[in-house]
Amino acid sequence: MTIVTNLPTKHLNELSKEEAATIGKDFKRHLANKEYKTAVDAWRCNNPVLQQLFDEFHFESMMNMVAKKLLVQSNLGLRRRVFVGAALSIAADRSGLFRSNPVKGGSPYSSAIPIYSASDQPLYGFETPLKSLYVNNSTLSSSCFSTSTEDREICFAATRNNPLSFSPAFVAFPTSPSHVQTLVRFAKDHDLCVSVLGTGHDFLDRHSGICEFSLLIRTSLLKSIEQDSATGTVKLGSGLTFSEVQEEISPLFIASGWSITVGILGWSIGGGHGPMSPKFGLGVDNIVSFNIVTADANLITCNSTNNYDLFRAVRGGGGSTWGVIVSITLKTHSLPEGGANLFRFYIASGDYCDKETLEKSVDDFIDVISDLDENWAELTFIEPAASNKKRKCGMELTMFSQYLFQGSENDGAEFVKRMENLGLPLLSSTPITNWNDEYVKTTDPEYIIPVPWTFPVANVAVGGVPSVLVNSEKASVLSEVIKDRFSSCAGESQICDRIEIYHDITGNSQAGAFPSDDVSITIEFRTALFHVVSNAKPDEIDEVFYGRLGDYSYQNECAYDISEASGGWKKRVFGEQYEFLLSVKEKFDPDNIFWCHHCIGDETADSTRGTTAGATTGATVGTAALAATLAAGIAK
């Protein structure tokens, strides 16, 4: 099977200035030819020339508009239903949901959607039904999706965001906990490192490095849903997405991120911030119990009374470093009686001509959002772009700001006035009485890119998505950092990287609403007001971003390389929790069967496990029996 992906054959970060300029000039032609995903790939890379060109084109707003038009597909008339064996089926209709008229049907997104995938299908619509096991019998001669066509099964089976160097020897799709146990035993017998992925949304590709030629277990087909109205909980298979769960349990909902195609598990155990967090808690606060296959291939239950140390460790310890979680029980919630409201504000083309007024507006904006209580959650994208247009005075500014308010439109009217007085015009106001119908179904997927697009380069980039947790005492410093970014963008250095502000953690929640003693997030993640994401060169990340704003970062959205000058990854990501987490890791996985980059136990990982030789040996011993065992479940 060969699929045309049209992915670029050259890393966009490596383009020369002339090549980048050519892509920029061809922007409108790409849109006219419906090749807009080529432009998306360019836009999300770290090439400064492309960044500037696409900012000048108001690329993001144009892309959103065009994408909505191009992605409206004809309705195939199939009823939505989650079948375990066909959960990733290319026959599923995904056109009705998340489009202009969602009431006509369609299927929720069952996994991350790779860019360029026809009809928004996971894994590029590869192989229906899936095989239970894919084997990479030799080292890949070239990186997956490195040409405009791809026909290697292992590449489609391992599709994930931003793959850096990780090339698994096996990719397995278990459909039951017993299958997972079989896989873990197989890995131990053949001395293979075990990697675990659900949707593959991870920005960091944390399995790259030591876990080369390993066993990759994809939980994508673990899709069970058992709702318990008496306890206000729902037990979920670990391969589910928020899109699937919100559809199934509506009008109730679970706490989630802003993106609808993210998997429930990695988001929840890594901390989990999103539109419901200030009111209903972070992802870790909503975990009631989980079932996990540990390194000894045993299936155990972890909750407040059973295996409590592992229960606490996983609630914030994140990563697939503890075992393979096969199911998780989460709290369910309801909107307030009067519903909620989603406010969106947008500046399409600001400028730097009245610097004093703009800087005062930045100060006032940070003051306003710092005062929001637990009924508000916010995300803001601030996008400066260098400009030589006379009426822009060196910089053009685009800004998008979105707020979920646990209250009515009328109750939020005073806030809207305050924002408009700051020069942020209201783009839309949407009453929400059903979270699934009025947010999830109307939100476009966040596509993943299955080629390297954010990776570390010495003295140039730290890779990943650098972030910092900012407490209330540093709110005024955040304002200064934003203003300094404007100044550098308009000046000779032309540093114009986007700044993302998420006011959607628990620093503005009611005191004592979410205890910290039974989770393993850092205290700063509990008390900070903002989670801030931006990019810059390594020295600026250390000195300005980390040095001025804070000592901690959110592990699911952070830099791939974290320098010792900034505190090192153990302190910055895990802080005071690290020693406890390491003790639990050593108890349940003393041989480091499970590994991921900058996860617990990373410093003791065995760099010889999962070598090419080991993988080749494993590929010839026992795979037929293993595949037969798994195939029986997937064929159901």
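Colleague: What is the strand order in the open sheet of four strands, and what is the pairing?
Modeller: The order is β2-β4-β6-β5, and the pairing is mixed. Strands here are DSSP runs of E, at least two residues, and helices are runs of H or I, at least four, numbered from the N terminus; two strands pair if DSSP finds at least two bridges between them. Bear in mind that this is a predicted model, where local features need pLDDT of at least 70, side-chain atom pairs count only at pLDDT 80 or more, and totals for chains, interfaces and linings use all residues. Residues are numbered from 1 along each chain as its sequence is written, and side-chain values use heavy atoms, with hydrogens and water left out.

Colleague: Which strands are at the edges?
Modeller: Those are β2 (133–135) and β5 (194–197), each pairing on one side only.

Colleague: How many bridges are there between β2 and β4?
Modeller: Three, in the antiparallel sense, with β4 covering residues 170–172. Valine 135 has phenylalanine 170 of β4 as its bridge partner.

Colleague: Which strands does helix α7 lie across?
Modeller: Helix α7 (residues 177–189) lies across β4, β5 and β6 (215–218), and runs at about 170 degrees to β6. Axes are lines fitted to C-alpha atoms, for helices over the stretch in contact (heavy atoms within 4.5 Å), and angles run from 0 to 180 degrees between N-to-C directions.

Colleague: On to rings, then. How are phenylalanine 170 and phenylalanine 186 arranged as an aromatic pair?
Modeller: They are edge-to-face, 5.5 Å centre to centre with 85 degrees between the planes. Rings of Phe, Tyr and Trp (its six-membered ring) pair if their centres lie within 6.5 Å; planes under 30 degrees apart count as stacked, over 60 as edge-to-face and the rest as tilted. Phenylalanine 170 is in β4 and phenylalanine 186 in α7, so the pair ties together parts that are 16 residues apart in sequence.

Colleague: Which residues do ring pairs link into a cluster?
Modeller: The cluster holds Phe343, Phe345, Trp376, Tyr403, Phe405 and Phe415. Tryptophan 376 and tyrosine 403 are both buried.

Technical notes. Buried < 20%, exposed > 50% of the residue type's maximum accessible area, 1.4 Å probe, protein only.
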